[in-house]
Amino acid sequence: MSTTSVFSKKILYDALDNDASDIHFCPFSSMVKIYLRIHGERVLHNEISLNQYNRLISYFKFTAGMDIGEKRKPQNGAIIINYQKRSIALRISSLPVHQSESLAIRLLPQNEATSLNQLFLFPYQLKQIKKWVSHRSGVILFTGPTGSGKTTTLYALLQTLLKEHSYQTITLEDPIEKEIENLLQVQVNEKSGVSYHVGLKAALRHDPDIIMVGEIRDEKTAQFVFHAAYTGHLVLSTLHAKDAFGTIYRLKEMGISQTDLRQSLIAVASLELLPILINNTPSRAAISELLEGNLLHEAIGSQKTADHTFHTFKQLRRKAYAYGFTNKT
């Protein structure tokens, strides 16, 4: 086993032992800094020489099926490793920077099922979301920035549903972050002609009860998601938006009419991961702005009225602080 292979495993195992979600390699003129993202915080882990980094990035790119000789274009690849009886998917991304390449690795445990009860800080929010999926058709959206727990929540929600009902469930993802039994998971690949739009069109021919679309990225996908809901399917998806009300503005920008929003949009859960302490151990849990019912219809009509049942992120953070879950407001 080469020295580079041994060192790469040490970095990966250190990250896993520290419950890191990502590893960042940041090259500078004289050295390379390695950061770990642990419970949302970016922590400096190590510094290595440029020569050592060049060998390391070549090793990762080769193992992930990326082009070692291509340094001028961004690339993506994937590796599966096993550590302490766990299967971990590594999503590897390179980015050209001045005279070098930056490397980012996302760590995705494959055989660790996250239950819904573990995800949400406030149980009543989970109870509300579970009610939404009793609908047989319509659109439910989970929104927030990258790393806010949208996909993890979707997976956990689908796993809970499939334990209770025998639904024909199809997912369209780019990439597939975790392989789950009883789901038909379709890998979106624009290069091979399998876009979200093409995948959705094909999925509708397989008589699905539930369709999960990994992300609404463009106007065409947004239109098709709402068309699928209108024809009698329950569609779960994610969207990048600042907050729950911002989701409505994004959908309108994508050409979704007020009529389609009123007819098909069931609810919006905008997520934020909050650093918390459990028995003095750092962790994270989701808080969510939940938009549904009359308030949702008012938002669709561009009306934002006071509603004491709607809690903003600011109010939820204050509540978490008051209950002693976090030291941040």
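## A hairpin to start with

Let's begin at asparagine 279, which takes a positive phi near 55° in the hairpin of β12 and β13. Two residues sit between the strands of that hairpin. Keep in mind that this is a predicted model.

The two strands, β12 (residues 265-278) and β13 (residues 281-292), run antiparallel and are joined by twelve bridges.

## Serine 270, tucked away

Stay in strand β12 and you'll find serine 270. Is serine 270 buried or exposed? With a relative accessible area of 0%, serine 270 counts as buried, because the cut-off for buried is under 20%.

The serine 270 side chain also makes a polar contact with the side chain of threonine 143, at 3.3 Å. Among the other residues that serine 270 touches are Lys242, Ile287 and Phe313.

In soluble globular proteins, nonpolar side chains tend to be buried together. Here, the largest nonpolar core has 34 residues, and Leu265 and Leu291 touch the most other members. Helix α7 (residues 219-230) gives this core its largest share, six residues. A second, separate core holds 29 residues, including Phe120, Leu158, Tyr167 and Met212.

Back to leucine 265: its contacts include Val139, Phe226, Ile248 and Leu296.

## Checking a helix

How far apart are the end C-alpha atoms of helix α5 (residues 150-164)? They are 22 Å apart, which agrees with the 21 Å that 15 residues should span at 1.5 Å a residue. Buried residues in α5 include Lys150, Leu154, Leu158 and Leu161.

Conventions:
Residues are numbered from 1 along each chain as its sequence is written. This is a predicted model: local features need pLDDT of at least 70, side-chain atom pairs count only at pLDDT 80 or more; totals for chains, interfaces and linings use all residues. Side-chain values use heavy atoms; hydrogens and water are left out. Helices (H or I, at least four residues) and strands (E, at least two) are DSSP runs, numbered from the N terminus. The expected span of a helix is 1.5 Å times one less than its number of residues. Buried means under 20% relative accessible area, exposed over 50%, partly exposed in between (1.4 Å probe, protein chains only). Two strands pair if DSSP finds at least two bridges between them. A nonpolar core is a set of buried Ala, Val, Leu, Ile, Met, Phe, Trp, Tyr and Cys residues joined through side-chain atoms within 4.5 Å. Contact means heavy atoms within 4.5 Å. A polar contact is a pair of N or O atoms within 3.5 Å; within protein, one must be able to donate a hydrogen and the other to accept it, and residues adjacent in sequence count only if both atoms are side-chain atoms. Lists of a residue's contacts leave out its neighbours within four places in sequence.
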